[in-house]
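Trainee: Could you show me how to read salt bridges and strand pairing in a model like this one? I would like the general idea and then the case at hand.

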Amino acid sequence: MLKRLHKIIGLGICLIVIHLSITGAVLMYPSTFKLQDTYFTNSFIYNLYDMYKLSDVKVLEGNDEDIGVVKSKIITSDMSLETGMADILGLLKKENLIFVLSKEKILLIEESDYELKIVEEKNIPFIVNSIGKSENTVLLRDVNENIYSLNTSLNFSMLKEQNIKYNESILAVTDEETASYYLLQVQGPGVQALRVFADLHNGRFFGPFVMFIFLVTSILIVFLSVSGSYMALRPSIKRYFYRLNKKNRH
């Protein structure tokens with residue numbers, strides 16, 4: 001019975017054992033297989049690891065400013081800042097200050113030589129549509145086309161004269177080269193091969209269900225080791241005790 005159970009379990013998990021052996025052997029020699037120097041950038045891997053994609057990058061349309069948006073992050077001058085705003089509608093850069101607009105609030109970010117930091121944050125009591133400027137004045141426009149002036153303290157007031165030139169700041173998708181540049185600042189060159197192979201080895205690559213199967217397999221491998229050793233040693237042990245009993249009878 002034990003021999004039959006040993007055979008069934010061995011055949012059932014042999015493919016998983018081969019997978020674990022191959023991936024384990026590769027992980028033992030990461031330099032040989034260049035796992036630390038290889039990065040995956042295809043869409044499938046990015047989706048699997050919740051990485052940002054090229055389509056997630058936006059820049060100011062028709063603007064030469066070195067500033068980009070990746071979901072809720074602002075990137076400029078090789079510096080990145082998490083704003084916590086998942087629905088950025090627009091942004092405007094004025095000297096070393098960056099105004100970042102969402103549906104519900106506006107942030108003021110100060111740029112220095114070493115960092116980006118949020119210096120002001122305010123909720124907006126009306127439904128805002130866009131941010132822009134007229135000459136040197138920062139402006140907001142609501143869904144009813146009303147225009148408000150905005151200062152560096154993030155105080156705003158509706159303009160008495162609404163018939164002014166409003167240059168809207170528009171975020172738009174960009175070309176692949178520019179998008180890749182901003183993604184590099186946020187998440188590096190891609191998903192490292194070492195990480196992928198480690199997740200292949202422990203089952204995380206495939207999800208919780210396969211991780212559970214790998215756990216069960218590990219337990220079964222222990223069983224196979226013990227049962228195999230027992231079946232291999234049992235005849236020798238039986239012969240030993242048989243000879244011992246035979247000798248004692250004489």
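Mentor: Happy to! Side chains of opposite charge can pair when their charged atoms come close. In this predicted model, aspartate 56 forms a salt bridge with lysine 71, with 3.5 Å between the closest N and O atoms. Aspartate 56 sits in the loop between α2 and β2 and lysine 71 in the loop between β3 and β4, so the pair ties together parts that are 15 residues apart in sequence.

Trainee: Is aspartate 56 buried or exposed?

Mentor: Aspartate 56 is buried, at 13% relative accessible area, while lysine 71 is partly exposed at 46%.

Trainee: Which residues are linked in a network of salt bridges?

Mentor: Arg141, Glu145 and Glu168 are. Arginine 141 meets glutamate 145 at 3.6 Å, N to O, and glutamate 168 at 3.1 Å. Arginine 141 is buried at 16% relative accessibility, whereas glutamate 145 and glutamate 168 are partly exposed.

Trainee: Now the strands. How many residues of β7 are buried?

Mentor: Five of its five residues. Leu97, Phe99 and Leu101 lie on one side of β7, Ile98 and Val100 on the other, and both faces are covered.

Trainee: Where does β7 pair?

Mentor: With β6, antiparallel over five bridges, where leucine 92 stands opposite phenylalanine 99. Five bridges also join β7 to β8, again antiparallel, and there valine 100 faces leucine 107. In the hairpin of β6 and β7, with two residues between the strands, look at glutamate 95: its phi is positive, near 60°.

Definitions and conventions
Residues are numbered from 1 along each chain as its sequence is written. This is a predicted model: local features need pLDDT of at least 70, side-chain atom pairs count only at pLDDT 80 or more; totals for chains, interfaces and linings use all residues. Side-chain values use heavy atoms; hydrogens and water are left out. Buried means under 20% relative accessible area, exposed over 50%, partly exposed in between (1.4 Å probe, protein chains only). Helices (H or I, at least four residues) and strands (E, at least two) are DSSP runs, numbered from the N terminus. Two strands pair if DSSP finds at least two bridges between them. A salt bridge is a side-chain nitrogen of Lys or Arg within 4 Å of a carboxyl oxygen of Asp or Glu.
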